[in-house]
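Reader: Could you walk me through this one? I'd like to go over it piece by piece.

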Amino acid sequence: MPSVADPKLWRVRVKKGWERIAAMALMNKQIDYSRKGLTFSIYSATQIDNIENFIFVEAHKIDAVKEAIQGLSFCF
């Protein structure tokens, strides 16, 4: 059962057709941060084929999501 301490799913708007690329870019950014020994506060990023213009990012706070999508031109 989900609890209050579990991370939340945040919906992030992206360019149409770039959903899969945006999710993969976030996960690659997470791998890059971990190789450098830096902390990255998101747990996962996913996209659903039926839902256009949005990806879902799992994190505790919205600030972590904003920091993660910073520098990605296809995320709003």
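Author: Leaving aside its neighbours within four places in sequence, A25 touches L72 and F74, where contact means heavy atoms within 4.5 Å. This is a predicted model in which local features need pLDDT of at least 70 and side-chain atom pairs count only at pLDDT 80 or more, while totals for chains, interfaces and linings use all residues. Residues are numbered from 1 along each chain as its sequence is written, and side-chain values use heavy atoms, with hydrogens and water left out.

Reader: Where is A25 found, and how many residues apart in sequence are A25 and L72?

Author: A25 is found in helix α1, and helices (H or I, at least four residues) and strands (E, at least two) are DSSP runs, numbered from the N terminus. A25 and L72 are 47 residues apart in sequence, yet 8.2 Å apart in space, C-alpha to C-alpha.

Reader: And A22, what is that in contact with?

Author: Again leaving aside neighbours within four places in sequence, A22 is in contact with V14, I55, F74 and C75.

Reader: Which residues have the most contacts inside the largest nonpolar core?

Author: The largest nonpolar core has 18 residues, and those with the most contacts inside it are V12, A22, L26, I42, I55, V57 and C75. Such a core is a set of buried Ala, Val, Leu, Ile, Met, Phe, Trp, Tyr and Cys residues joined through side-chain atoms within 4.5 Å, with buried meaning under 20% relative accessible area, exposed over 50% and partly exposed in between (1.4 Å probe, protein chains only). The elements giving two or more residues to this core are α1, β2, β3 and α2, and the largest share, four residues, comes from α2.

Reader: Switching to the sheet, in what order do the strands come?

Author: The three strands form an open sheet in the order β1-β3-β2, with antiparallel pairing; two strands pair if DSSP finds at least two bridges between them. The edge strands, each pairing on one side only, are β1 (8–13) and β2 (42–46). Neighbouring strands of this sheet are turned by 25 degrees against each other on average, direction ignored; axes here are lines fitted to C-alpha atoms, for helices over the stretch in contact, and angles run from 0 to 180 degrees between N-to-C directions.

Reader: How many bridges join β1 to β3, and how many pair β2 with β3?

Author: Six bridges join β1 to β3, and R11 stands opposite F56 in β3. β2 pairs with β3 (residues 54–59) over four bridges; I42 stands opposite A59, and the bridge partner of A45 is V57.

Reader: Which strands do the helices meet?

Author: Helix α1 (residues 19–36) packs on the sheet, touching β2 and β3, and its direction makes about 155 degrees with that of β2. Helix α2 (residues 62–69) lies across β1, β2 and β3, running at about 40 degrees to β1.
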